[in-house]
Amino acid sequence: MLAIVDYGVGNLHSVSSAFRYVGADTVVTADAGTLERADGIILPGVGAFPDAAESLAKTGLIPVIKAEAARKPLLGICLGMQLLFTESRELRPTPGLGLIPGIVDRIPTTEKLPQIGWNALGVVNPCALTDGLPEGAYVYFVHSYMAFCEDRADVAAVTDYGTEVTAMVRRGFVYGCQFHPEKSGSVGLGIIDRFCGAVRDCRKAR
């Protein structure tokens, strides 16, 4: 079972529908015990980082999420990926979960912001989610801020938007997609399916 974290900030229906489409058993929850029992966790998110961080903190789930991310796969999507990092500088400095060292800041580009639309992925450090991903596969982005990883090894894939933008990350059991896989057609569904595969492999190994 996969637990989709409900903290009042996220397109829960679209995300849960996409996971169900690939055959995953999902539950939308704000219950700590459910997160602990789940085989994997999905952290969605839309909107501004400070508001999302505050909403997540109010649930009391942050300690549970951080503990569970050390032993089973967690996938952050869009703003959910940004929350994985040490800090965001959107609007004001706001701490994140600290699961991946780095900061989130405005995309340093001359292109129009927010970046809205389809853009190509380039794999930097292959991981379970990029396995079999065609080079230059297109996915759907909606964002003005991006992650700057302290360690280049945590960058799984990038895209170009007048500058190199971190598109996918992976550190241990923690994965993140800056784009919306649930809105990225067959490519996005493939990434979701591969995350489910990583969850199954982890469960078998425990």
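The model I am reading is a predicted one. For a disulfide I require two cysteine sulfur atoms within 2.5 Å. With that cut-off I count zero disulfides. I also looked up Cys 202, which is in no disulfide; its nearest cysteine sulfur belongs to Cys 196 and is 13 Å away. I then checked accessibility: Cys 196 is buried at 5% relative accessibility, and Cys 202 is buried with a relative accessible area of 10%.

**Entry: the contact of α1 with α6.** From α1 I list Ala 18, Phe 19 and Tyr 21 in the contact, and from α6 Leu 189, Ile 192, Phe 195 and Cys 196. I sorted these residues by type and got seven nonpolar, no polar and no charged.

**Entry: the faces of α1.** Next I asked which residues of α1 are buried. They are Leu 12, Val 15, Ser 16, Ala 18 and Phe 19. Viewed down the axis of α1, the buried residues fall within an arc of 160°, so they line one face of the helix. I then looked up what the buried residues of α1 pack against: β1, β2 (26-29), β3, β4 (74-77) and α6. After α1 comes Gly 23, with a positive phi near 95°.

**Entry: Asn 11.** I stepped back to the loop between β1 and α1, where Asn 11 lies. Is Asn 11 buried or exposed? Asn 11 is buried, with a relative accessible area of 15%. Leaving out residues up to four places away in sequence, I find Asn 11 touching Pro 44, Val 46, His 180, Glu 182 and Lys 183.

**Entry: α3.** I repeated the burial check on helix α3, residues 49-59, and found Phe 49, Pro 50, Ala 52, Ala 53 and Leu 56 buried. Their arc around the axis is only 165°, which puts them on the same side of α3. I looked up what covers the buried residues of α3; the list includes β1 (2-5), β3 (40-43), α4 (62-68), α5 (79-82), β5 (85-88) and β6 (94-95). Gly 60 follows α3, and I read a positive phi near 75° for this glycine.

**Entry: Ala 198.** I returned to α6 for Ala 198, which is in that helix. Ala 198 counts as buried at 12% relative accessibility. What does Ala 198 touch, not counting residues up to four places away in sequence? I find Pro 73, Ala 128 and Tyr 175.

**Entry: backbone exceptions.** As a reference I wrote down that most residues other than glycine have a negative phi, and most peptide bonds are trans. Against that I logged a cis peptide bond joining Leu 113 and Pro 114, with omega about 5°. Pro 114 sits in the loop between β7 (100-106) and β8 (115-120).

I then logged Cys 78, which is not a glycine but has a positive phi of about 55°. Cys 78 is in the loop between β4 and α5, and I find this cysteine buried, with a relative accessible area of 6%.

Leu 91, again not a glycine, has a positive phi of about 70°. I place Leu 91 in the loop between β5 and β6. Leu 91 counts as exposed, at 64% relative accessibility.

Notes: Residues are numbered from 1 along each chain as its sequence is written. This is a predicted model: local features need pLDDT of at least 70, side-chain atom pairs count only at pLDDT 80 or more; totals for chains, interfaces and linings use all residues. Side-chain values use heavy atoms; hydrogens and water are left out. Buried means under 20% relative accessible area, exposed over 50%, partly exposed in between (1.4 Å probe, protein chains only). Helices (H or I, at least four residues) and strands (E, at least two) are DSSP runs, numbered from the N terminus. The arc is that of the directions from the helix axis to the C-beta atoms. Contact means heavy atoms within 4.5 Å. Ala, Val, Leu, Ile, Met, Phe, Trp, Tyr, Cys and Pro count as nonpolar, Asp, Glu, Lys and Arg as charged, and the others, Gly among them, as polar.
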